[in-house]
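Biologist: I'm new to reading protein models. Could you show me one and walk me through it, feature by feature?

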Amino acid sequence: MEHDAPIFVVLLGPPGAGKGTQAAHLCERLGISHLSTGEVFRHVICERTSVGLQVQSLVESGQLVPDDLVVKVVEEFLDAAGANGACFDGFPRTLEQA
């Protein structure tokens with residue numbers, strides 16, 4: 001599906017509600033990227049980026065990733081893969097992230 005402006009979709013729901021499944025269908029149909037914060041966190045940790053190392057330290061100590069760091073990770077994802085838009089799965093989770 002072609003579109004002139006980027007499309008952004010936010011999926012809300014509890015874990016296991018099917019957000020990831022629906023996101024995959026929407027992203028394929030709309031030609032946009034799927035942004036799952038959990039998957040992005042795993043990717044930046046695996047890549048050992050500076051942000052990834054911060055996320056890894058927090059996750060390993062059982063802490064939540066603070067809003068400012070979550071937003072930074074999302075911004076980096078959008079800079080790399082969000083030209084056509086994105087389907088947000090697990091973001092935003094707080095008013096500050098929104």
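This is a predicted model: local features need pLDDT of at least 70, side-chain atom pairs count only at pLDDT 80 or more; totals for chains, interfaces and linings use all residues.

Biologist: What about the charges: how many positive and negative side chains does the chain have?

Modeller: There are 6 positive and 13 negative side chains, and the centres of the two sets lie 7 Å apart.

Biologist: Okay, next the fold. How many helices and strands are there, and what pattern do they follow along the sequence?

Modeller: The chain has 4 helices and 3 strands. Going along the sequence, you read β-α-β-α-α-α-β.

Biologist: And how do I judge the overall size?

Modeller: Compare the radius of gyration with what a compact globule would give. For 98 residues that would be near 13 Å, and the chain has 14 Å, which agrees.

Biologist: What share of the contacts joins residues 24 or more positions apart?

Modeller: That share is 63%, counting contacts in the chain with a separation of 6 or more.

Biologist: Now the inside. What should I look for?

Modeller: The general idea is that in soluble globular proteins, nonpolar side chains tend to be buried together. Here, 35% of the 98 residues count as buried. The largest nonpolar core has 15 residues, and Leu 35 and Val 55 touch the most other members. Helix H2 (37-47), helix H3 (50-60), helix H4 (67-81) and strand S3 (85-89) each supply at least two residues of this core. H4 gives the largest share, 5 residues. Apart from that core lies another one, of 7 residues, including Val 9, Ala 23, Leu 30 and Ile 32.

Biologist: Which residues does Val 55 touch, leaving out those up to four places away in sequence?

Modeller: Val 55 touches Phe 41, Ile 45, Val 65, Leu 69 and Val 73. Have a look at Leu 69, which sits in helix H4. Leu 69 and Val 55 are 14 residues apart along the chain, yet their C-alpha atoms are separated by 8.0 Å.

Biologist: Is Leu 69 buried or exposed?

Modeller: Buried means under 20% relative accessible area. Leu 69 has 7% relative accessibility, so it counts as buried. Leaving out residues up to four places away in sequence, Leu 69 touches Val 51, Gln 54, Val 55 and Leu 58.

Biologist: What about the backbone? Which details are worth a look?

Modeller: Most residues other than glycine have a negative phi, and most peptide bonds are trans. Arg 48, in the loop between H2 and H3, has a positive phi, near 60 degrees. Arg 48 counts as exposed because its relative accessibility is 53%, and the cut-off for exposed is over 50%.

Biologist: Which peptide bond is cis?

Modeller: The one from Phe 91 to Pro 92, with omega near -5 degrees. You'll find Pro 92 in the segment after S3.

Note on methods
Residues are numbered from 1 along each chain as its sequence is written. Side-chain values use heavy atoms; hydrogens and water are left out. The radius of gyration is taken over C-alpha atoms; the globule rule is 2.2 Å times the number of residues to the power 0.38. Buried means under 20% relative accessible area, exposed over 50%, partly exposed in between (1.4 Å probe, protein chains only). Contact means heavy atoms within 4.5 Å. Lys and Arg count as positive and Asp and Glu as negative; His and the chain ends are not counted. The place of a charge is taken as NZ of Lys, CZ of Arg, CG of Asp or CD of Glu. A nonpolar core is a set of buried Ala, Val, Leu, Ile, Met, Phe, Trp, Tyr and Cys residues joined through side-chain atoms within 4.5 Å.
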